[in-house]
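Student: Hi! Could you walk me through this structure?
Tutor: Happy to, let's have a look together.

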Amino acid sequence: MTFIGLLAVTLAIPAAAAPGSNGPLPTSAGWVTQTLVANGAATAVQRDGYSVTEAPPPPPPPPVVVPAATNVFARTADTFTNNPSSPIQWPFTTGVPISDGFGPRVAPCGGCSSYHKGMDMNPGQGTPIQVVAEGVVTVAQASDNGGLGVYAEIEHVIDGQRITSVYGHMLEGSLQLTEGQVVTVGEQVGNVGNTGTSTGAHLHFEIHVDGAPIDPYAWLTAHVLP
Ligand SMILES: [Zn+2]
């Protein structure tokens, strides 16, 4: 948010910074044009550690916990098909836009990782997130301390392997889990938010096998029943 604010100021400088502080003020038309340029550069892509050039968004609405059963999705996409009868399921019951996949990437900001340990899913703020398989909650971070913000980790034993699923950047106040809780597939984890190191509402989702992150899209594709 701070960065976006600074960027907006930077964009406005060419119109406002006429030589000499006593020069004519920029016309209102000039300001309008600058604003339109900023909007034109905006993209719908939202992922962690990615600086998107866009106008300041409206103030975030207060946290609203949407029950998973309502299945309210702001944005859907044909990225996967969930099977509500499968013992392993996608974090969302409907296919949603995926803005960033697993693996090496150009570091999206100074200090950002050049290796993305998960995938970024973009159904829109407030969308319910579901547990992907039965397991035990090992991390339930309800407050935003940076990093993954409000997030949860769940451990599963699948095909004899220790699998960990990670759900990051959730909406403050939306976390439904507590550490040590036994959960089943389809239970609500929380709601999509923008907490931690994130520039837009999205779910950062990871899968670890014996502690090592792997491509979660490939893993889910292989494990969710058709
Ligand atoms: Zn991510």
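**A chat about Glu-206 and its surroundings**

Tutor: Let's begin with a side-chain pair: Glu-206 and His-204 make a polar contact through their side chains, at 2.7 Å. A polar contact is a pair of N or O atoms within 3.5 Å; within protein, one must be able to donate a hydrogen and the other to accept it, and residues adjacent in sequence count only if both atoms are side-chain atoms.

Student: Is this a predicted model or something else, and how are residues numbered?
Tutor: The model is predicted: local features need pLDDT of at least 70, side-chain atom pairs count only at pLDDT 80 or more, and totals for chains, interfaces and linings use all residues. Residues are numbered from 1 along each chain as its sequence is written, and side-chain values use heavy atoms, with hydrogens and water left out.

Student: What does the chain average in pLDDT?
Tutor: The average is 80, and 66% of the residues score at least 70. pLDDT is the predictor's confidence in each residue, from 0 to 100. Over residues 1-21 the pLDDT is below 50, and over residues 25-43 it stays under 50. Where pLDDT is low, the predicted coordinates should not be read in detail.

Student: Back to Glu-206. Which strand is it in?
Tutor: Glu-206 belongs to strand β11, residues 203-209. Strands here are DSSP runs (E, at least two residues), numbered from the N terminus.

Student: Which side chain of opposite charge is nearest to Glu-206?
Tutor: That is Lys-117, 4.7 Å away. A salt bridge needs a side-chain nitrogen of Lys or Arg within 4 Å of a carboxyl oxygen of Asp or Glu. Lys and Arg count as positive, Asp and Glu as negative, while His and the chain ends are not counted.

Student: How many bridges join β8 to β11?
Tutor: Six, and the two strands run antiparallel. Val-166 stands opposite Glu-206 in β11. On pairing, two strands pair if DSSP finds at least two bridges between them.

Student: And β8, is it mostly covered or mostly uncovered?
Tutor: Strand β8 (residues 161-170) is mostly covered, with eight of its ten residues buried. Eight bridges also join β7 to β8, again antiparallel, and Glu-155 stands opposite Thr-164 in β8.

Student: New topic: where does Leu-148 lie?
Tutor: Leu-148 lies in the loop between β6 (135-141) and β7 (150-158). The C-alpha atoms of Leu-148 and His-204 are separated by 7.9 Å, though the residues are 56 apart along the chain.

Definitions and conventions. Helices (H or I, at least four residues) and strands (E, at least two) are DSSP runs, numbered from the N terminus. Buried means under 20% relative accessible area, exposed over 50%, partly exposed in between (1.4 Å probe, protein chains only). Contact means heavy atoms within 4.5 Å.
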